[in-house]
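Thanks for coming. I will go through one structure and keep to what was computed from it.

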Amino acid sequence: MLSRNVRTALMCAAGVAGMIGMSYAAVPLYDAFCRVTGFGGTTQRAEKEADTVLERAVTVRFDANTARGMSWSFAPQQVSQTLKVGETGLAFYKASNPTGRPIMGTATFNVSPAKAGVYFKKIECFCFQEQILNPGESMDMPVTYYVDPSIAENPYLDDVATITLSYTFFEVEDGEMKLASR
């Protein structure tokens with residue numbers, strides 16, 4: 001039989017190991033939670049266009065940012081688009097690499113108001129994969145999207161007439177986002 005001190009030490013070690021395991025699982029679990037629920041304005045992926053188009057119109061505004069230390073210029077090519085709920089929209093962003101070196105970037109995204117995130121569906125998006133721009137290169141980057149008609153079934157979203165789609169590009173080095181120290 002183990003002494004009381006040994007049992008306590010083993011329980012503490014098991015607790016620490018469990019906490020370390022949970023910390024590694026937290027990021028993918030949080031990401032999955034956000035994608036399923038739209039929490040924090042996380043948009044959804046769609047395989048195809050919506051089956052229904054409603055008369056209700058929504059204006060989608062476009063926003064672009066780069067993280068500190070990201071040398072690209074990045075901007076939407078249109079300020080906004082107004083379309084009917086369920087109608088497929090196509091918007092373009094432009095990225096340019098003014099530096100003398102190739103840069104790989106990845107875009108994070110969200111919508112506001114955050115409560116609309118679960119209803120904002122992207123069919124195709126430059127944000128689904130990393131992008132590489134060579135020195136002096138520019139690229140038009142499309143996003144194909146729609147606002148899910150099921151938004152009309154949620155009375156808490158009756159006040160949503162404008163949705164802002166926002167992207168932030170981060171530089172990627174060796175498969176990991178480079179976050180500038182603050």
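This is a predicted model: local features need pLDDT of at least 70, side-chain atom pairs count only at pLDDT 80 or more; totals for chains, interfaces and linings use all residues.

The protein chain has a mean pLDDT of 83, and 79% of its residues reach 70 or more. By element, the highest mean is 97, in strand E4 (residues 80–84), and the lowest is 53, in strand E11 (residues 176–178). There is also a stretch, residues 26–41, where the pLDDT is below 50; the model still gives this stretch 22 contacts beyond near neighbours in sequence.

Now the overall layout. The protein chain holds 1 helix and 11 strands. Read from the N terminus, the order is α-β-β-β-β-β-β-β-β-β-β-β. Of its 182 residues, 37% are buried. Taking contacts with a separation of 6 or more, 76% are between residues 24 or more positions apart.

On strand pairing, I have two examples. E5 and E9 are antiparallel and share 8 bridges; in that pairing, Gly 89 sits opposite Tyr 145 of E9. E7 and E9 also run antiparallel, joined by 5 bridges, and here Glu 124 is opposite Thr 144 in E9.

Next, the core. Which residues have the most contacts inside the largest nonpolar core? They are Phe 74, Tyr 93, Phe 126, Leu 165 and Tyr 167, in a core of 34 residues. Strands that give two or more residues to this core include E2 (57–66), E5 (89–96), E9 (138–147) and E10 (162–173).

Take Phe 74 from that list. Setting aside neighbours within four places in sequence, its contacts include Tyr 93, Phe 126, Met 141, Tyr 167 and Phe 169. Thr 66 is another of the residues that Phe 74 contacts.

Thr 66 lies in strand E2. Its relative accessible area is 31%, so Thr 66 counts as partly exposed. With neighbours within four places again left out, Thr 66 contacts Trp 72, Phe 74, Thr 168 and Phe 169. Thr 66 and Phe 170 are 104 residues apart along the chain, yet their C-alpha atoms are separated by 6.3 Å.

That brings me to the aromatics. A pair of aromatic rings is described by the distance of the centres and the angle of the planes. The whole structure contains 12 aromatic pairs. One of them is Phe 62 with Tyr 145, edge-to-face, at 6.1 Å centre to centre and 70 degrees between the planes. Phe 62 is in strand E2 and Tyr 145 in strand E9, so this pair ties together parts 83 residues apart in sequence. Phe 62 and Tyr 145 are both buried.

Tyr 93 and Phe 126 have ring centres 5.6 Å apart and planes at 55 degrees, so that pair is tilted. Because Tyr 93 lies in strand E5 and Phe 126 in the loop between E7 and strand E8 (131–133), the pair links parts 33 residues apart in sequence. Tyr 93 and Phe 126 are buried as well.

Is Tyr 119 buried or exposed? Its relative accessibility is 13%, and the cut-off for buried is under 20%, so Tyr 119 counts as buried. Beyond four places in sequence, Tyr 119 touches Tyr 146, Val 147, Asp 148, Ser 150, Ile 151, Asn 154 and Leu 157. Ala 152, 33 residues away in sequence, is 9.9 Å from Tyr 119, C-alpha to C-alpha.

Pro 113 is in that loop too. Most peptide bonds are trans. The bond from Ser 112 to Pro 113 is cis, with omega near 5 degrees.

That is the end of my list, and I can take questions now.

Note on methods:
Residues are numbered from 1 along each chain as its sequence is written. Side-chain values use heavy atoms; hydrogens and water are left out. A nonpolar core is a set of buried Ala, Val, Leu, Ile, Met, Phe, Trp, Tyr and Cys residues joined through side-chain atoms within 4.5 Å. Buried means under 20% relative accessible area, exposed over 50%, partly exposed in between (1.4 Å probe, protein chains only). Helices (H or I, at least four residues) and strands (E, at least two) are DSSP runs, numbered from the N terminus. Contact means heavy atoms within 4.5 Å. pLDDT is the predictor's confidence in each residue, from 0 to 100. Rings of Phe, Tyr and Trp (its six-membered ring) pair if their centres lie within 6.5 Å; planes under 30 degrees apart count as stacked, over 60 as edge-to-face and the rest as tilted. Two strands pair if DSSP finds at least two bridges between them.
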